[in-house]
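Please open the model in your viewer and keep a selection panel at hand. The tour below moves from one selection to the next and says what is to be found at each stop.

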Amino acid sequence: MPLTLSLVAAGLTLAAPVRLDRVDVLSEDSGTFLHYEVPMAPAYPAMTALRFVTQVKVVLSLPVSGLYAGASIASQSLSYEGPLWRSEDGRGLFWTASVHTRLLMPYGAHAGVAWRFGSMRLGLGASASSEASWARPAWTEWKVLPTLALGFGPNVAPGQ
């Protein structure tokens, strides 16, 4: 039975290909880069540049419409985008919700809106994150930060 389910899952994955949706140069995963790293850039430019690189996220469109998987050096995410307003060419305003992980350990979530136009995606929202890790799996302390995301890719909007 498990082998049958694995074959069905593999068949569904092959039926609808995973494709590049965008590259987020500003990721909305935890929101810490803009709030913690950028203000320290004059004092620690090399560290800020390194943290910038670690938060750049590649986002793939999954076979389910509106579902995305993203990965950066710092974190991974599973997110969903649903339309609030959409034009005929697919541009528009979308609500977003995501779960963030570090090495697949859930540590936070994000909710917000995203505007897609041309090959650009601009997102605004709020991210709640903890310091949970595999070494310390505790979700007792949380921080909530506003987020700004900026991504570029070949797609105009979800589902296209």
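This is a predicted model: local features need pLDDT of at least 70, side-chain atom pairs count only at pLDDT 80 or more; totals for chains, interfaces and linings use all residues.

Residues are numbered from 1 along each chain as its sequence is written, and side-chain values use heavy atoms, with hydrogens and water left out.

**Stop 1: the cavities**

A cavity here is a set of points, on a 1 Å grid over the protein atoms alone, where a 1.4 Å probe fits but cannot get out, and its lining residues have an atom within 4 Å of a point; the volume is the space filled by probe spheres set on the points, which are joined across faces, edges and corners.

Select Arg22, Glu28, Ser79, Glu81, Thr96, Ala97, Ser98, His110 and Arg121, which line the largest cavity, a space of about 40 Å³. Strand 4 (76-86) and strand 5 (92-102) are the elements that each give two or more residues to this lining, and strand 5 supplies the largest share, 3 residues. Strands (E, at least two residues) and helices (H or I, at least four) are DSSP runs numbered from the N terminus. By residue class the lining of the largest cavity divides into 1 nonpolar, 4 polar and 4 charged, where Ala, Val, Leu, Ile, Met, Phe, Trp, Tyr, Cys and Pro count as nonpolar, Asp, Glu, Lys and Arg as charged, and the others, Gly among them, as polar.

Next, select Arg22, Arg116, Ser119, Met120 and Arg121, which lie nearest the centre of the second largest cavity among the 10 residues of its lining. Strand 1 (19-26), strand 7 (120-130) and strand 8 (142-152) each give two or more residues to that lining, and the space amounts to about 30 Å³.

**Stop 2: helix 3**

Move to residues 45-55, helix 3, and colour Thr48, Thr54 and Gln55, which are buried (under 20% relative accessible area, with exposed meaning over 50% and partly exposed in between, for a 1.4 Å probe and protein chains only). These three lie on the same side of helix 3 because they cover an arc of only 125 degrees around the axis, the arc being that of the directions from the helix axis to the C-beta atoms. Turn the view to the face directed away from this buried side, and you find the exposed residues Pro45 and Ala46.

**Stop 3: the salt bridges**

The whole structure holds 9 salt bridges, each defined as a side-chain nitrogen of Lys or Arg within 4 Å of a carboxyl oxygen of Asp or Glu. Return to Arg22, whose side chain meets that of Asp21 in a salt bridge (2.7 Å, N to O); both Arg22 and Asp21 are buried.

Then pick Asp29 and Lys57, whose closest N and O atoms are 3.0 Å apart in a salt bridge. This pair links distant parts of the chain, 28 residues apart, with Asp29 in the loop between strand 1 and helix 2 and Lys57 in strand 2. Asp29 is buried at a relative accessible area of 3%, and Lys57 is buried at 3%.

Finish at Glu131 and Lys143, a salt bridge with closest N and O atoms 2.9 Å apart. Glu131 lies in the loop between strand 7 and strand 8 and Lys143 in strand 8, so the pair ties together parts 12 residues apart in sequence. Glu131 is partly exposed at 44% relative accessibility, and Lys143 is partly exposed with a relative accessible area of 22%.

Terms used
On a 1 Å grid over the protein atoms alone, a cavity is a set of points where a 1.4 Å probe fits but cannot get out, and a pocket is an open set with protein on both sides within 12 Å along at least five of seven lines; lining residues have an atom within 4 Å of a point.
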